[in-house]
Amino acid sequence: MFLAAPASQGGGMQMMIMIVIMFAIMYFLMIRPQQKKQKQHQSMLGALEKGDEIMTTGGIIGRVVKVQEQFIVVAISDTVEIKFQKASISQTLPKGTIKDIES
């Protein structure tokens, strides 16, 4: 019959070190970049002003007409205005982008 080999004393410590290393890798490759991206998005939303050209997460492009605390009103044509939650704004566009697209 085979007898079980005695567990080594350093095995638990090695496992803890591996877990810490894996967490550090996950933090620097996934968590930290996501937090940085979220912070940039929040600062972009805070800087929105009337007249800015934006794109929503749904791909709608328009010009900001009114900025409220949680919502913005976006003009997508001369006669159509839509109200969006600020969180649905994916990016601000350079001035003149809408005119470039229309022509």
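Let's start with contacts across the chain. Take those between residues at least 6 apart in sequence: 40% of them join residues at least 24 apart. Keep in mind that this is a predicted model. On burial, 19% of the 103 residues in the chain are buried.

Now the layout. The chain has two helices and five strands. Reading from the N terminus, the order is α-β-β-β-β-β-α.

What is the strand order in the open sheet? It goes 4-3-2-1-5, and the pairing is antiparallel. Look at the edges. Strand 4, residues 81-85, and strand 5, residues 89-93, each have a single partner strand, so one side of each has no neighbour in the sheet. From one strand to the next, the twist averages 45°.

Zoom in on one pair. Strand 3 covers residues 71-75 and runs antiparallel to strand 4, with five bridges joining the two.

Last, the pockets. The largest pocket has a volume of about 150 Å³. Which residues line the largest pocket? They are Arg 63, Ala 75, Ile 76, Ser 77, Asp 78, Ile 98, Lys 99 and Glu 102. Helix 2, residues 97-102, gives the largest share of that lining, with three residues. By class, the lining holds four charged residues, three nonpolar and one polar.

Note on methods
Residues are numbered from 1 along each chain as its sequence is written. This is a predicted model: local features need pLDDT of at least 70, side-chain atom pairs count only at pLDDT 80 or more; totals for chains, interfaces and linings use all residues. Side-chain values use heavy atoms; hydrogens and water are left out. Two strands pair if DSSP finds at least two bridges between them. Helices (H or I, at least four residues) and strands (E, at least two) are DSSP runs, numbered from the N terminus. Axes are lines fitted to C-alpha atoms, for helices over the stretch in contact, and angles run from 0 to 180 degrees between N-to-C directions. On a 1 Å grid over the protein atoms alone, a cavity is a set of points where a 1.4 Å probe fits but cannot get out, and a pocket is an open set with protein on both sides within 12 Å along at least five of seven lines; lining residues have an atom within 4 Å of a point. Grid points are joined across faces, edges and corners, and a volume is the space filled by probe spheres set on the points. Ala, Val, Leu, Ile, Met, Phe, Trp, Tyr, Cys and Pro count as nonpolar, Asp, Glu, Lys and Arg as charged, and the others, Gly among them, as polar. Buried means under 20% relative accessible area, exposed over 50%, partly exposed in between (1.4 Å probe, protein chains only). Contact means heavy atoms within 4.5 Å.
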